[in-house]
Amino acid sequence: RRQRRVARAPTLLPRAAVLTRPEDLGWKEEHLDEQGVREALQKALNRGGMEGKALKANVKYPSRAEVMAAIPKDCFEKETWKSLMYAASSVLQLAASAYLAWRFIPLNAAAWPWWVLYATVQGTFATGAWVIAHECGHDAFCNEKWLQTTVGYILHSVMLAPYYSWQRSHAVHHAKTNHLTDGETHVPKVGDKPRAWERISKAIGFRTPVAIVRMIVRLGLGWPAYLLFGASGGPAYGKTSHMWPYKPFNHGEKDLFPGKHKKKVLKADIGIIATLAGLWIWGSKLGWASVAAMYGGPLLVANAWLVLYTWLQHTDVDVPHFDHDGWTWARGAFMTVDRPYGPIFDFIHHRIGSTHVAHHVNCTIPHYKAVKATEALKKAFPDIYLYDPTPVPLALFRVVKNCFRVQRFPGPDGMHLFTSSV
């Protein structure tokens, strides 16, 4: 009986664990034999959803020119009317939801379940508008610069996102994707010393409750913490703030907001101040409960969506990061992961999560051309294009439970992989 149970055990493992072993990844035997390497790789393969595609050694990546040549030229053409149509669609979704809530949900404590539902729906719609502004910041909205800037500035400002500041830091993120020092946003810590969440998990001997708390904190506070204090930003830039580009911030080896970008940060602040002033007038005239219910709740949900998207786009147990010696543009861009968000969220959020590889390859591709660009990349580079079929809630929980810090693994590729003591 014992032998029979052992024989059946592999069928209970994830598909990647059945099909892939560390020996199949092209690593040299001498590197696999170093202490803990084989075990760590096997753990990543067992837990991950991409059968080790991003963990393969000695992969030849294409040049930037080769990647661009693989994308149909019409994917780079912006159509103003179509971009405006999608922007209007997102705004109309917000307007309709807000009207129905204002008209039919009573502003009292007994109606709190309805306000939670409204916040969830409205925050989800708001994320779509945020993505449109994100497209403006990438010069992917239209050829009319004044219109593009106006749309992006207004949509981001009303959601308390400083347009020019984020535009600059996000450009750095794209330029140095999965770079451990010069990258920006969700840059993991490096080292063999357990992180705080990891130590807590180990101390109580049960990861799930700690993971739930970590997920709530990260999704709830991650976005404002990044904007205000540079949380999870690249270590090369020190302590940063998207609201104030001067001391005591921006004292790293590199300046996140150099030269003209400092004045642009202040220009972005004007939109934030205007929005806060509008909220103050609203609260003074109609009561702060209405501000909290109609605006505050949806904003929290939208912020959570932003963290979820950006976190899962470049982080997982089987997605490496690189230091200065191992990083290249192609490696960084192709360490982006497309995920299955489904047709409803793809429509509302303009496919920001399911076509993100194409977006990182060239961020000026409009979202309505990204599906075509994605198919071209999948066909041209099937060995390096990353898609994880794991359902998004499970993928998020996997990241929350296992992705605390990275360590450098041996070999010429300079991979840094997530490791954990729990």
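Predicted model: local features only at pLDDT ≥ 70, side-chain atom pairs only at ≥ 80, totals over all residues.
Glu 23 is found in the loop that runs between helix α2 (15-19) and helix α3 (29-32). Apart from neighbours within four places in sequence, Glu 23 is in contact with Leu 32 and Arg 38.

Ser 354 lies between α15 (342-348) and α16 (356-361). Its relative accessible area is 14%, and Ser 354 is therefore buried, the limit for this class being under 20%. When residues up to four places away in sequence are not counted, Ser 354 touches Asp 338, Arg 339, Tyr 341 and Asp 346. With Asp 346 there is also a polar contact between the side chains, at 3.0 Å.

The aromatic residues come next. Across the whole structure, a search finds 15 aromatic pairs. One of them joins Tyr 86 and Tyr 368: the ring centres are 5.8 Å apart and the planes meet at 10°, so the pair is stacked. This pair links distant parts of the chain, since Tyr 86 belongs to helix α6 and Tyr 368 to the loop between α16 and α17 (370-380), 282 residues apart. Tyr 86 is partly exposed, with a relative accessible area of 23%, whereas Tyr 368 is buried, at 16%.

How are the rings of Trp 130 and Trp 166 arranged? Their centres are 5.3 Å apart and their planes stand at 75°, so this pair is edge-to-face. Trp 130 lies in helix α7 (residues 112-137) and Trp 166 in helix α9 (residues 163-175), so the pair ties together parts that are 36 residues apart in sequence. Both Trp 130 and Trp 166 are buried. Together with Trp 223 and Tyr 226, Trp 130 and Trp 166 form one aromatic cluster.

The account ends at the surface. Tyr 99 lies in helix α6 (residues 80-104). Its relative accessibility is 52%, and Tyr 99 therefore counts as exposed, a class that begins over 50%. Tyr 99, Leu 100 and Phe 104 form a nonpolar patch on the surface, and their accessible area together is about 360 Å².

Key: Residues numbered from 1 in each chain as written. Heavy atoms only, no water. Helix = DSSP H or I, 4+ residues; strand = E, 2+ residues; numbered from the N terminus. Buried < 20%, exposed > 50% of the residue type's maximum accessible area, 1.4 Å probe, protein only. Polar contact = N/O pair within 3.5 Å; in protein donor to acceptor, adjacent residues only side chain to side chain. Contact = heavy atoms within 4.5 Å. Patch = residues over 30% accessible without salt bridge, like charges linked within 9 Å, V, L, I, M, F, W, Y side chains within 5 Å. Areas by Shrake-Rupley, 256 points an atom, 1.4 Å probe, with all protein chains shown as cover. Salt bridge = Lys/Arg side-chain N within 4 Å of Asp/Glu carboxyl O. Phe/Tyr/Trp six-rings, centres within 6.5 Å; stacked < 30°, edge-to-face > 60°.
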